Amino acid sequence: MKRSKLITLIVLLIISTTGFSIENSPINDTLLYFEFDIRSNTNNPIVVSGLSKNFDYSKLSKASLDGFIASFYKQGHFVPSFLVYDEVINECAKITGDSTLIRYVGQGQKLMNLIAGNGQEIEIVLETGETVFVKITEISGTFLHFSKGNIKFPSLSNEPSLDGIEEILNIYVPVEITSYKKLSRKCVKEMFMSE
């Protein structure tokens, strides 16, 4: 009886470890990187970032700041600020048990500059008066991904709390970006055309 319980426990441990490994396996993909710099007369600036494969502007709520952020993360994944990139990479290495990830420490500023330098901007005004400056860059490469509850890292004072945005389910961390594509102004305007 004890032996069968031990075997069952070992099998469950192997299954859960394999499932966790698959969840955190690197993904190679081409995604749109969005950075939203949100300004208002009443609040300090808020900056949030994310990745999306199939962005649909018509699903973006312009009614309020919270609605805007929530509606983006319904169709995108959260990306931590590149300003805390080293801490994020160290946490990823700890969670996955992959010490080779440490080789990416120190590249946060480089990624931030290359993404920003290849971004195309557009401005949106929410119904509540906030102005959202959107910068979009198409990036290809390798990304780590985690469920929100499986990773913890420092946040910045200009980012909303992850726990306060229930629509954030997944966190993506760019590790090797092989291509940065600046979208044309026409493409971005078409992407953000009103319904």
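## Cysteines

Cys187 is partly exposed, its relative accessible area being 30%. Cys92 has a relative accessible area of 0% and is buried. This is a predicted model, and the number of disulfides found in it is zero. The cut-off for that count is a pair of cysteine sulfur atoms within 2.5 Å.

A disulfide is a covalent bond between the sulfur atoms of two cysteines.

## Overall architecture

Five helices and six strands make up the secondary structure of the chain. Their order along the sequence is α-β-β-α-β-α-α-β-β-β-α. The chain has 195 residues, and 44% of them count as buried.

Among contacts with a sequence separation of 6 or more, 69% are made by residues 24 or more positions apart.

## Helix α2

Helix α2 spans residues 65-73, and eight of its nine residues are buried, so the helix is largely enclosed by the rest of the structure. The buried residues are Leu65, Gly67, Phe68, Ile69, Ala70, Ser71, Phe72 and Tyr73.

The cover over these residues includes the strands β1, β2, β3 (77-78), β4 (120-125) and β5.

## Helix α4

Helix α4 runs over residues 108-117, and its buried residues include Gly108, Leu111 and Ile115. These three lie on the same side of α4, because they cover an arc of only 65 degrees around the axis. On the face turned away from the buried side are the exposed residues Lys110 and Gly117.

The packing partners of the buried residues of α4 are β1 (27-39), α3 (85-96), β5 (131-147) and β6 (170-181).

## The loop between α3 and α4

Tyr104 sits in the loop that joins α3 to α4. With a relative accessible area of 9%, Tyr104 is buried.

Beyond residues up to four places away in sequence, Tyr104 touches Tyr85, Ile89, Val175 and Glu176. Ile89 is 15 residues from Tyr104 along the chain, and the C-alpha atoms of the two are separated by 7.1 Å.

## Val132 in strand β5

Val132 belongs to strand β5. The residue is buried, at a relative accessible area of 0%.

Phe36 is 96 residues away along the chain, yet its C-alpha atom is separated from that of Val132 by 6.2 Å.

## Ile46 in strand β2

Ile46 is part of strand β2, which covers residues 46-52. Its relative accessibility is 17%, and the residue counts as buried because the limit for that class is under 20%.

Ile46 and Leu156 are 110 residues apart in sequence, and their C-alpha atoms are 9.8 Å apart in space.

Rolling a probe the size of a water molecule over the atoms shows where empty space is left. In this structure there is one cavity of 30 Å³ or more. The largest cavity has a volume of about 30 Å³.

The residues that line the largest cavity are Ile38, Arg39, Ser40, Asn43, Asn44, Ile46, Leu65 and Glu130. By class, three of them are nonpolar, three polar and two charged.

Note on methods. Residues numbered from 1 in each chain as written. Predicted model: local features only at pLDDT ≥ 70, side-chain atom pairs only at ≥ 80, totals over all residues. Heavy atoms only, no water. Buried < 20%, exposed > 50% of the residue type's maximum accessible area, 1.4 Å probe, protein only. Helix = DSSP H or I, 4+ residues; strand = E, 2+ residues; numbered from the N terminus. Arc of directions from axis to C-beta. Contact = heavy atoms within 4.5 Å. 1 Å grid on protein atoms, 1.4 Å probe; cavity = no way out; pocket = protein on both sides within 12 Å on 5 of 7 lines; lining within 4 Å. Points joined across faces, edges and corners; volume = space filled by probe spheres on them. Nonpolar A, V, L, I, M, F, W, Y, C, P; charged D, E, K, R; others polar.
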